[in-house]
Amino acid sequence: MQAGATISMTNNDSLRTANTENLVAAFPSNFVWGAATAAYQIEGATREDGRGLSVWDTFSATPGKVHNGDTGDVADDHYHRYQEDVELMAGLGLDAYRFSIAWSRILPQGRGSINEKGLDFYERLVDTLLAKGIKPFATLYHWDLPQALQDEGGWAKRETAYAFADYAEIVVKRLGDRVAGWITHNEPWVVAYLGHGVGVHAPGLKNMQTAVDVAHHLLLSHGLAVPRLRALVAPGTQVGITLNLSQVYPADERSETARDVALADSFNVRWFVEPLFRGSYPDQLFTDLAVNPPPIQDGDLTTISTPIDFLGVNNYFRWVVRGQEQRPRADSYQTVAPIPGACYTEMGWEIAPEGLRDLLVRLHRDYNVPSLYVTENGAAFKDEWHGEEVVSDPRRVSYLQEYIHAVGEALQQGAPVKGYFVWSLLDNFEWAEGYSKRFGIVYIDYPTQRRIPKESSRWYASLIKEHSARL
Ligand code: JJW
């Protein structure tokens, strides 16, 4: 299997910035423009209305785990300000809004007794969106496992996959008639590897065998949930999963480089894409990670590869890999950074829109993915507010322009992309980075919780308007 075909160390000429008028020409009339958030990153109100604790409450309260000791206790106070936030979305002309549901608001102990107040909150949110003509896209699991389930072993245990499918059914019973798109999981690679392999995310475990087992149970839980969702949704509702994927490019033409590119690709892309779309894990992956295969039971891969309506792609950057002398473990490939002449965001991620274009085209060509949504794309920069009406963020505007142009190129090359969600609507709690990294197209002044538009939100609103004017 080949990863990226292009050997390009600098931004592609064809990805030059374009004005919004030219930019929207490549997008079909029913293309969905949205913005994304996640529960723990924006809601706050972590101890209100019967919400149970999640692994991120525990992790962020543990000294040394999150930058500056930040937690999601208050975050953007969206739990109380959701109406104002939906007004903001309506003002931008968004077609859709992707949010996540906190499992521990619905089932404070992870399973068993239902907390109706949790369901009520998401029902109010969904109805407010619908009243403004905004399509709700709901993620069921965006990393906030109920702590009670972690106490029983969490995703390392197969039982958690069954608990997830039960939780999914409870939510869809209440909201299935109104939500346009369901995303079972957000970025299971991050949960498995960063949470259980290297421990920089909750629950903070450092064991690659556990990471591989967790990945299997996350995938299994997805496959178990899909038919339970389908049974209860309105006709036309889309059901899918979101992966964080980065295309891998070779730094040079050495054979060691080709080998390590393939290793990095199996770890970053094929680990999750192939069980979902081919019903098998990459052949050598577990050997290459120096672990045993996860506890796969008969029928698991059939369950995991249950057909879905779309694949959600979260993409921010690409990897450029330079081969090492000795064959590395699949998670220990060497990346080139910084690449001379390349630009980076505040996260240290290379700005490389061709990485998104090539990834979308490849998912279409190699896996025949039925449809694709870019469920996250965006950038953190050091935004500053000095009391103005609008926060200036020219680099975010260029970033979005270039990446959206790349999505247009992928469409022209046949990739069935149905929508694009900018990460994020609001500055928010960026996990281990706390509040230090601002991804929003709307600025949050945390002391006052005031929302201040950034220029990127104005730009995005004009793009959406331009697109709808063409219809
Ligand atoms: C990789 C860190 C190696 C979020 C990564 C860290 C290096 C030991 C943004 N996506 O906040 C990827 N985001 O909640 C979901 N995407 O490696 C949404 N990817 O560790 C956003 C972070 C990420 C990452 C963060």
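**Pocket, cavity and core in a predicted model**

Biologist: By class, what does the lining of the largest pocket have?
Modeller: The lining of the largest pocket has 18 nonpolar, nine polar and six charged residues. Keep in mind that this is a predicted model.

Biologist: How many residues line the largest pocket, and which lie nearest its centre?
Modeller: The lining is made up of 33 residues. Nearest the centre of the pocket are W189, V190, L194, F317 and W349.

Biologist: Which elements give two or more residues to that lining?
Modeller: Those elements are α9 and α11, the latter covering residues 255-278. Helix α9 gives the most, with four residues.

Biologist: And what volume does the largest pocket have?
Modeller: The volume of the largest pocket is about 700 Å³.

Biologist: OK, cavities now. How many of 30 Å³ or more does the structure hold?
Modeller: The structure holds three cavities of 30 Å³ or more. The volume of the largest cavity is about 80 Å³. Its lining has 14 residues, and Y141, W143, V191, A202 and P203 are the closest to the centre.

Biologist: Which elements give two or more residues to the lining of the largest cavity?
Modeller: They are α3, residues 55-60, and α9, residues 188-197. The largest share is from α9, with four residues.

Biologist: By class, what does the lining of the largest cavity have?
Modeller: The cavity lining has 10 nonpolar and four polar residues, and no charged ones.

Biologist: Let's zoom out. How many helices and strands does the chain have?
Modeller: There are 16 helices and 13 strands in the chain. Its C-alpha trace spans about 55 × 50 × 45 Å along the principal axes.

Biologist: What radius of gyration does the chain have, and what would a compact globule have?
Modeller: The chain has 21 Å. A compact globule of 471 residues would have a radius of gyration near 23 Å, so the chain agrees with that.

Biologist: What percentage of the residues in the chain is buried?
Modeller: Buried residues make up 62% of the 471. As for contacts between residues at least 6 apart in sequence, 79% join residues at least 24 apart.

Biologist: How many residues does the largest nonpolar core have?
Modeller: The largest nonpolar core has 150 residues, and W182, W271 and Y460 have the most contacts inside it. Helix α10, residues 208-230, supplies the largest share of this core, 10 residues.

Biologist: Which residues is Y460 in contact with, leaving aside neighbours within four places in sequence?
Modeller: Y460 is in contact with W33, G34, L94, I404, Y420, V422 and I441.

Biologist: Single residues next. Is T242 buried or exposed?
Modeller: T242 is buried, because its relative accessible area is 0% and the cut-off for buried is under 20%. T242 sits in strand β5, residues 238-244. Not counting residues up to four places away in sequence, T242 touches R98, I183, H185, N186, E187, P188, G312, N314 and T375.

Biologist: And N368, buried or exposed?
Modeller: N368 counts as exposed, because its relative accessibility is 61% and exposed means over 50%. N368 is in the loop between α14, residues 353-367, and β10, residues 372-376.

Biologist: What distance separates the C-alpha atoms of N368 and V212?
Modeller: They are separated by 26 Å, and the two residues are 156 residues apart along the chain.

Key
Residues are numbered from 1 along each chain as its sequence is written. This is a predicted model: local features need pLDDT of at least 70, side-chain atom pairs count only at pLDDT 80 or more; totals for chains, interfaces and linings use all residues. Side-chain values use heavy atoms; hydrogens and water are left out. On a 1 Å grid over the protein atoms alone, a cavity is a set of points where a 1.4 Å probe fits but cannot get out, and a pocket is an open set with protein on both sides within 12 Å along at least five of seven lines; lining residues have an atom within 4 Å of a point. Grid points are joined across faces, edges and corners, and a volume is the space filled by probe spheres set on the points. Ala, Val, Leu, Ile, Met, Phe, Trp, Tyr, Cys and Pro count as nonpolar, Asp, Glu, Lys and Arg as charged, and the others, Gly among them, as polar. A nonpolar core is a set of buried Ala, Val, Leu, Ile, Met, Phe, Trp, Tyr and Cys residues joined through side-chain atoms within 4.5 Å. Buried means under 20% relative accessible area, exposed over 50%, partly exposed in between (1.4 Å probe, protein chains only). Contact means heavy atoms within 4.5 Å. The radius of gyration is taken over C-alpha atoms; the globule rule is 2.2 Å times the number of residues to the power 0.38.
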